[in-house]
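Welcome! Please take a look at the sequence and the structure below, and then we will walk through some of the details together.

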Amino acid sequence: MGTADVRAGSRVDARAGSRADVPGSTQSLPLRPLTHDRATGAVLGLTPRTVRTFSLLGVVWDDPSAHLHGRVQVRTRAASTGEWTGWRDVETHYTEHGADPDSPEAASGKTRGATAPLWVGESNGVEVRVLPEPESGEPEDVDPVDTESGEGVSGGEGAGEDAGEVSTLPAGMRLDLVDPGEAQTGGSAEPEESGEGTGGAEPAEEPRTGVMTAAAKAASAANSALVPLGATRIPSLTAEETREELVTLRGTELTEQQQAKSYIGPRPAITTRRGWGADESLREKSFVYTSKVKAAFVHHTASGNNYSCSQAPSLIRGFYRYHTKSLGWRDIGYNFLVDKCGRIYEGRAGGVAKPVKGAHTMGFNTKTTGIAVIGSYGSKKPSSKAVKAVARLTAWKLGLHGMNPKKKTSLTSGGGNLYAKGKKVKMKVISGHRDGFNTSCPGGKLYKKLGSVRSKAAGYQGR
């Protein structure tokens, strides 16, 4: 099938095109029944086809509460070499990343169910197969797949298409192919290494010139207490400078004890939304806040580890487009993201020092912040730089609200598969996603590092 055939049967953003400076686009391809193949058991998917260039993909379906009981595998063709990868597994459990049940965001009527996004790099060909879970709970006769390297069976030309019905899978399943586009603001979106905040404040980066839309101005202005309008990066501060800033930001709210001795980690350097090239027209215009931040939930994006740190802004633009255009969320779900080089990025708009309400830990988005480490950490250890960055970020963000990283706090569940709505739960101030929802996130290897994160964060706060 040629590109023209794909485009004719796809939902393509109005701004999509071949120019390199467009904000990005999404191709949406309905999955079709396949002739049952005993070798794989696949019953739904897409045969190999040529598509417009994309870098990130995910499978989406109509009902956000429906679960995909099965396995999704993809292989892609690299745009640069024309070579096909082996089959790769896509993380199917992603429902737990989202807004709280009954919240305005969840009840908007726009949300959809989906797999986690998978970063595949610049590609122009794709093949998909969906293998439903048999009664035993495990797919039968499936070739092993290395989800980290993408190596596995090479695949043939795919199963033939058939008109059969598939009733055991969610309705309306389709493959979304995301082109994250180039940064709208021009120039390099790659930030420098995060400073340690021990040798004096870094000079603030000069704001980028050029016309800013009203939405871009609003997102940037949310950080106006920290940096000038249009800044692409919020510089790190020393411990003393951070304490002085805390008084400026929250002076009237601080207790006498907090004013006398503030336990807060030095502010780390953070790349703003303008810095990673957010297209502010994709999100809802308004910002939603919670009253304070009592806890931080750590996640992984489950998007694979085959990315370079210079590509991280592109990945974030891909997540952002996937969350808003494919899943129907009001903005990217995470409050912050951290790449494997330890660089920190602003996530959901509203201001990094403010208690922005995210959509990251279903049931526990109120009075919390969500931090996602970019990558998959079920079998691969996170880098020491990423772990250190999470510790530095939590020491500062939790310190703004007087929270001790080594303690527990009380949160009220908004509803989920571990805790019923309204139940008060004692939760560690720095928790993993799995502590609030029955999920494997943030991956076992990252979850095991949270003890170290808590200790380091407390040390940065001077405790």
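**Helix H3 and the rest of the picture**

The expected span is 1.5 Å times one less than the number of residues, and helices (H or I, at least four residues) and strands (E, at least two) are DSSP runs numbered from the N terminus. Keep in mind that this is a predicted model, where local features need pLDDT of at least 70, side-chain atom pairs count only at pLDDT 80 or more, and totals for chains, interfaces and linings use all residues. Residues are numbered from 1 along each chain as its sequence is written, and side-chain values use heavy atoms, leaving out hydrogens and water.

**The sides of H3**

- Thr242, Glu245, Leu246 and Arg250 of H3 are buried (under 20% relative accessible area, with exposed over 50% and partly exposed in between; 1.4 Å probe, protein chains only).
- These residues cover an arc of only 110° around the axis, so they sit on the same side of H3; the arc is that of the directions from the helix axis to the C-beta atoms.
- An α-helix has 3.6 residues a turn, so residues three or four places apart point the same way.
- The cover over the buried residues of H3 includes H7.

**The nonpolar cores**

- The largest nonpolar core has 64 residues, and Leu337, Ile374 and Trp396 have the most contacts inside it (a core is a set of buried Ala, Val, Leu, Ile, Met, Phe, Trp, Tyr and Cys residues joined through side-chain atoms within 4.5 Å).
- H7 gives this core its largest share, nine residues.
- Apart from this core lies another one of 24 residues, including Leu29 and Trp61.
- Trp396 touches residues including Thr242 and Glu245, where contact means heavy atoms within 4.5 Å.

**The disulfide**

- The structure holds one disulfide, a pair of cysteine sulfur atoms within 2.5 Å.
- This disulfide joins Cys309 to Cys341, with an S to S distance of 2.0 Å.
- Cys309 lies in the loop between S12 and H6 and Cys341 in the loop between S13 and S14, so the pair ties together parts 32 residues apart in sequence.
- Both Cys309 and Cys341 are buried.

**Arg317**

- Arg317 is found in helix H6 and counts as buried, at 8% relative accessibility.
- The C-alpha atoms of Arg317 and Gly24 are separated by 8.6 Å, although the two are 293 residues apart along the chain.
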